[in-house]
Amino acid sequence: MTTDHTIRIPARLRVLAATAMLLERLEQLPRTASAAQYQGLVRQLDALLVAGEGDPSLVALLDSLPALAELHENHHYAVAGLSRTSMAAAARSKHLMLDLLDRARCRC
């Protein structure tokens, strides 16, 4: 079950929001667009993200649209790393992987 919520989007970010919602739909329904269409959409979103950078309302969009947040994170990875990824989830994943590697070594 999904929960819908409404956020106020200023006019200056509406094209970004609409384009990001299209990316969300494509992420949920794979193979509904060609690779070229998908890549074009991502390039367009990249440009819109650059234009919206620093806007206080951008955070609400990133919190609401996971595919946009991932694209934003990838865009800033060289500078900020995985800044929007939960540290707790990352630490948990690391520990699970280390445990898995330890078990794999014991079987050899």
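In this predicted model, the largest nonpolar core holds 18 residues, and Leu16, Leu23, Leu45, Leu49, Leu61 and Leu68 are the ones that touch the most other members. Four helices, namely H1, H2 (35-52), H3 (58-64) and H4, each supply at least two residues of this core. H1 gives the largest share, with five residues.

Setting aside residues up to four places away in sequence, leucine 68 touches Leu16, Ala20, Leu23, Glu24, Leu45, Leu49, Leu61 and Leu62.

Apart from its neighbours within four places in sequence, glutamate 24 is in contact with Leu65, Pro66, Ala67 and Leu68. Beyond residues up to four places away in sequence, alanine 67 touches Leu23, Glu24 and Glu27. The C-alpha atoms of alanine 67 and methionine 21 are separated by 8.7 Å, although the two residues are 46 residues apart along the chain.

Now for the charged pairs. Side chains of opposite charge can pair when their charged atoms come close. How many salt bridges does the model have? The count comes to two, and both are listed here.

| Arginine 105 | Aspartate 102 | 3.1 Å |

Arginine 12 lies in the segment before H1 and aspartate 55 in the loop between H2 and H3, so this pair ties together parts that are 43 residues apart in sequence. Arginine 12 is exposed, at 58% relative accessible area, whereas aspartate 55 is buried, at 13%.

The other pair stays within one helix: arginine 105 and aspartate 102 are three residues apart in helix H6, which means about one helical turn separates them. Arginine 105 counts as exposed at 57% relative accessibility, while aspartate 102 counts as partly exposed at 40%.

Helix H6 (residues 87-107) also includes leucine 100. Together with Met97, Leu98 and Leu101, Leu100 makes a nonpolar surface patch of about 350 Å². Leucine 100 itself is partly exposed, with a relative accessible area of 45%.

Conventions:
Residues are numbered from 1 along each chain as its sequence is written. This is a predicted model: local features need pLDDT of at least 70, side-chain atom pairs count only at pLDDT 80 or more; totals for chains, interfaces and linings use all residues. Side-chain values use heavy atoms; hydrogens and water are left out. Contact means heavy atoms within 4.5 Å. Patches are made of residues with over 30% relative accessible area and no salt bridge: like charges are joined within 9 Å, nonpolar side chains (Val, Leu, Ile, Met, Phe, Trp, Tyr) within 5 Å. Accessible areas come from the Shrake-Rupley method with a 1.4 Å probe; for residues, only the protein chains shown count as cover. A salt bridge is a side-chain nitrogen of Lys or Arg within 4 Å of a carboxyl oxygen of Asp or Glu. Buried means under 20% relative accessible area, exposed over 50%, partly exposed in between (1.4 Å probe, protein chains only). A nonpolar core is a set of buried Ala, Val, Leu, Ile, Met, Phe, Trp, Tyr and Cys residues joined through side-chain atoms within 4.5 Å.
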